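Student: Hey, can we go through this protein together? I'd like to understand what I'm looking at.

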Amino acid sequence: MYLLGIESSCDETSAAIVEMGDGVRRICSNIVASQIETHKLYGGVVPEIASRAHVEAISRVTKDALETAGIPLSKVDAIAVTAYPGLIGALLVGVNFAKSLAYANRIPLVPINHIHGHVAAAYLSNPDLKPPFLALVVSGGHTSLYKVTDDTHYEELGSTRDDAAGEAFDKIGRVIGLPYPGGAALDALANEGDPKAIPLPSPALAGETLDFSFSGIKSAALNYLNEKQMKGEAVDRADLAASYTARIVEALTKKAERALVETGLSTLVLAGGVAANSHLRAALTALCKRRKVTLALPERSLCGDNAAMIAAAGYYEFLAGTRAGTDLNASASDEGIGANLSSPF
Ligand code: KG4
Ligand code: ZN
């Protein structure tokens, strides 16, 4: 079947056509209109500007996705749209657009959890992947471990108690003058530094928990920079990038290993924007080799926000019977949209 995916939860407007079926997982088109150049001016995503930019882009991006795929709307079997979590104004643009398109063309509408979408990116890059598996989702807004028991059931095993890993990367990237959003540039800079040069606290919480906290390492890095500045000493940015990245990657790897041991799962999926990080990919590859666990990585191009991953998640929700109607609402929170699923058309 063909699914049209629509994603607008943060600062990328995206539409995609994906073909899914027994043994078929194929991206026919995946158009992403990024707002990075706009938000760069402010050093972070400005929610109101993001909503307006989504409104301007969404029709064009959707038309482009259909044309690039060579699939007319009449051949689309379901529309999958990110309904939560994210910036509420941004989400509402995608949700309302998808509702109108689905209603006017009598196409089933499937609301999607953005986090499940990130995990579904791994399905597109790994044709044989199927649950159960452990999913480590690391993005700008989330850092969580899930036990995925079937394609639509996620049990959260641990998560961050404050900032997300992506947010922590972006903050330090910005302070040391790297281009916005700092994650990717910090990743490259870390290759040139010594990961043991600067002592920083671990974001892995002590004890048996599978939770993280990134506020401590972020503050420690900021304090280090302030102290250096006050003493008039130069900062080796590469050493800081390497040490900061190493502590974050070690923490994610440590808790992923603990979760693998606790659950006995033999497949690990990495997902989210930070899944593009080369140091994290290398550390998890080594972990999985050592533990004889299968590692399913999404292609780098599918790690950031995109609608192909939303369409892929939509396929499994569609099979599970998830539908929404014109009363579908968006939600900023992880808890979702619950009661809004009552009246599919
Ligand atoms: O999943 P995503 O596209 O958006 C959210 O749902 O949050 O994640 C964006 C985050 C940003 O913080 C960005 O800096 C980070 O992913 N990121 C990276 C890398 N590429 C993107 N962080 C570390 N290393 C990278 N290579
Ligand atoms: Zn995301």
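Predicted model: local features only at pLDDT ≥ 70, side-chain atom pairs only at ≥ 80, totals over all residues.

Student: Ok, which residues are the protein donors of the zinc ion (ligand 2)?
Tutor: They're His114 (NE2), His118 (NE2) and Asp305 (OD), 2.0 to 2.1 Å from the zinc. Donors are N, O and S atoms within 2.8 Å of the metal (3.2 Å for Na, K and Ca), and sites may look incomplete because water is not among the atoms.

Student: How are those donors spaced in sequence?
Tutor: The pattern is H-x3-H-x186-D. His114 sits in helix H4 (residues 114-125) and Asp305 in the loop between strand E10 (294-296) and helix H10 (307-319), so the pair ties together parts 191 residues apart in sequence. Helices (H or I, at least four residues) and strands (E, at least two) are DSSP runs, numbered from the N terminus.

Student: Is His114 buried or exposed?
Tutor: His114 is buried, at 7% relative accessibility. Asp305 is buried too, at 16%. Buried means under 20% relative accessible area, exposed over 50%, partly exposed in between (1.4 Å probe, protein chains only).

Student: New topic: what's the angle between H8 and H9?
Tutor: Helix H8 (residues 237-263) and helix H9 (residues 278-291) pack at about 30°, with axes 10 Å apart. Axes are lines fitted to C-alpha atoms, for helices over the stretch in contact, and angles run from 0 to 180 degrees between N-to-C directions.

Methods: Residues numbered from 1 in each chain as written. Chains lettered and ligands numbered in written order. Heavy atoms only, no water.
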